[in-house]
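Subject: Structure handover

Hello,

Here is the structure I promised to pass on. My notes follow below it.

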Amino acid sequence: MPNNTRLNNAEPNGAEPTGADPTGPEPTSASPASAPANDIDEFFSTDRTRGTGEAIALPDSDYREFVYDLDDPVVRPYRAMDYEEFTEDRQQAEFLRNLLEYWDGLYREPFVGITSDGHRRDGLYRLPSPAGTDAAEPNASAPVAAAISLLDALPPVERAAVTYALDAPEWRGWSNPEFVFKRIGLRLEELADEQAELVYGLLRESLSAEGYERVREAMALNGFLGEITKLPQIMNDRSYWFAIYGKPSTTEPWGWQLFGRHVALNFVFVGGREVCAPVFIGAEPALSEPEHPPIFERRERLALELAATFTPEQRDQAVVYTSVLDEKMPDDRIHPADERHVAGAFRDNRIVPYEGILATEFDHDQRELLREIVRDFYGLLRPEQVELTLAEYDEHIGETYLAWYGATDGSTPSYLRIQSPVIIAELDHHAGVWLSNRTPARFHVHSTLRHPNGNDYGKALISAWQEAIAD
């Protein structure tokens, strides 16, 4: 049954997440840098976690109002630093040291997968029958050729640095901030242009055309943020780590990983299936020009279309909290770095109870709208793989929940989560990090996608493939 009063934020090892001091004034709208500070450090404030009895208003203007002055002490000290010097400087902050220590503890846990109750359900993910155990995977030759071209273009030292065993623990070392935590594979900005283009070629051959454009857009927006803050050495469109896992093959499982500021993809080819999970994509700002649609414009539009159809009874069930900073939230429900999203970096074993409204409470048209939102989350995959993955979603529609925080008419920041035994998909509006809005706004957005119950990194399907070839 769903829990509409709180979300259990405890981890399997019993550790509590890093919290925030809930003191300070109650914000009611995004406010510029001149507002009184309730700082944890220069990048994080208790304003982003402080419960308030009032709705959080969206800014009247766009992100430009919240761009720091270039001489502001939030940005100026880092102008002479490269990304490694910036990382070293940031790790002097007590909040960040505590967070990284906590993340490292989660990283070292044995992998279980996200669950709703602490008990993993097996048998939820299936390979196409008879699973392509010894036959070539359809449409897999182009990504394999792209990966081989990349590896052939790298000197031996770099080739060794970019490749890992299929079951290497480094899969789980990805993160999304601009400071570096785990150094895995090669960093794109340190590759020659022609080598970086070969990485892009592998992404292009693996992802759908729309998915590739979305990923490159998120990377470009990171570069745009570096431009407007004059910190391109810390944030640019190539400040990402890339690695290959396993041997590129049309018959055996393998995959690749890309991660950095606001982009993290973990992509696996296995027995005729392609898995892209975990996925983390975000943007600050979510667009570079007013005439350019925000990166998740379609996803948000579909969500608001669905919310507009709620009956009063459906709205009462779907809306877990009436504000993204609802004073009714328990202290451990919101985090000053992750804010509301629960499926980000190092959350591979998180327990996330269901909450919100069961999809079977919707009529046919509403369920179709919900399915289109899910399709958009799956849209990084090539079309035939989207259909295979949607089929798993459809099988569990009777266990699929939609949770909403905030107003359902788009008048306030919001949080959305779709959750079933085979999907966790989130969209969350955030406060600024390199922009000065101290409470959530639509121009800083995070979106996550997970395959709960053990299929993040394609692990459940890889196990099924290994069992099939062993028979």
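Is Arg382 buried or exposed? Arg382 counts as buried, because its relative accessibility is 11% and the cut-off for buried is under 20%. Please keep in mind that this is a predicted model.

**Salt bridges**

Arg382 has a charged partner. Its side chain meets that of Glu274 in a salt bridge, at 2.3 Å from N to O. Glu274 sits in strand β6, and Arg382 in the loop between α9 (364–377) and α10, so the contact ties together parts that are 108 residues apart in sequence. Glu274 is buried too, because its relative accessibility is 1%.

Arg273 also has a charged partner. This residue forms a salt bridge with Glu392, and the closest N and O atoms are 2.8 Å apart. Here the link runs from strand β6 to helix α10 (residues 383–395), across 119 residues. Both Arg273 and Glu392 are buried.

Then there is Glu300 with Arg442. Their side chains meet in a salt bridge at 3.7 Å, N to O. Glu300 belongs to helix α7 (residues 297–308) and Arg442 to strand β12, so this pair ties together parts that are 142 residues apart in sequence. Glu300 counts as buried at 13% relative accessibility. Arg442 counts as partly exposed at 31%.

Over the whole structure, the search finds 31 salt bridges. Some form a network. It links Glu210, Arg214, Arg298, Arg299, Glu372, Arg375, Asp376 and Glu387.

How many residues of strand β3 (residues 240–245) are buried? The count is 6 of the 6, so the strand is largely enclosed by the rest of the structure. In a regular strand, side chains alternate between the two faces of the sheet. Both faces of β3 are covered. Tyr240, Phe242 and Ile244 are buried on one side. Trp241, Ala243 and Tyr245 are buried on the other.

Strand pairings of β3:

- Strand β1 (residues 163–164) runs parallel to β3, with 2 bridges. Tyr164 has Tyr245 as its bridge partner.
- Strand β2 (residues 186–187) runs antiparallel to β3, also with 2 bridges. Leu186 stands opposite Phe242.
- Strand β4 (residues 254–260) pairs with β3 in the antiparallel sense over 6 bridges. Phe242 stands opposite Leu258 there.

**Strand β12**

Strand β12 (residues 441–450) is mostly covered, with 9 of its 10 residues buried. Arg442, in this strand, is partly exposed.

Which strands pair with β12? Strand β6 (residues 273–283) is joined to it by 5 bridges, antiparallel. In that pairing, Gly282 has His446 as its bridge partner. Strand β11 (residues 423–430) is joined to β12 by 7 bridges, again antiparallel. There, Ile424 is partnered by Arg450.

**Backbone points to check**

Most residues other than glycine have a negative phi, and most peptide bonds are trans. These places depart from that pattern:

- Ala277 and Pro278 are joined by a cis peptide bond, with omega about 0°. Pro278 is in strand β6.
- Glu284 and Pro285 are joined by a cis peptide bond, with omega about -5°. Pro285 lies in the loop between β6 and α7.
- Lys230 is not a glycine, yet its phi is positive, about 60°. It is found in the loop between α6 (209–229) and β3.
- Tyr457 is buried, with a relative accessible area of 1%.

**Surface charge**

Which residues form the negative surface patch? They are Asp82, Glu85, Glu88, Asp89 and Glu190. Asp82 lies in the segment before α1 (83–90). This residue is partly exposed, with a relative accessible area of 35%.

Best wishes

Note on methods: Residues numbered from 1 in each chain as written. Predicted model: local features only at pLDDT ≥ 70, side-chain atom pairs only at ≥ 80, totals over all residues. Heavy atoms only, no water. Buried < 20%, exposed > 50% of the residue type's maximum accessible area, 1.4 Å probe, protein only. Helix = DSSP H or I, 4+ residues; strand = E, 2+ residues; numbered from the N terminus. Pairing = 2+ DSSP bridges. Patch = residues over 30% accessible without salt bridge, like charges linked within 9 Å, V, L, I, M, F, W, Y side chains within 5 Å. Areas by Shrake-Rupley, 256 points an atom, 1.4 Å probe, with all protein chains shown as cover. Salt bridge = Lys/Arg side-chain N within 4 Å of Asp/Glu carboxyl O. Lys, Arg positive; Asp, Glu negative; His and termini not counted. Charge placed at Lys NZ, Arg CZ, Asp CG, Glu CD.
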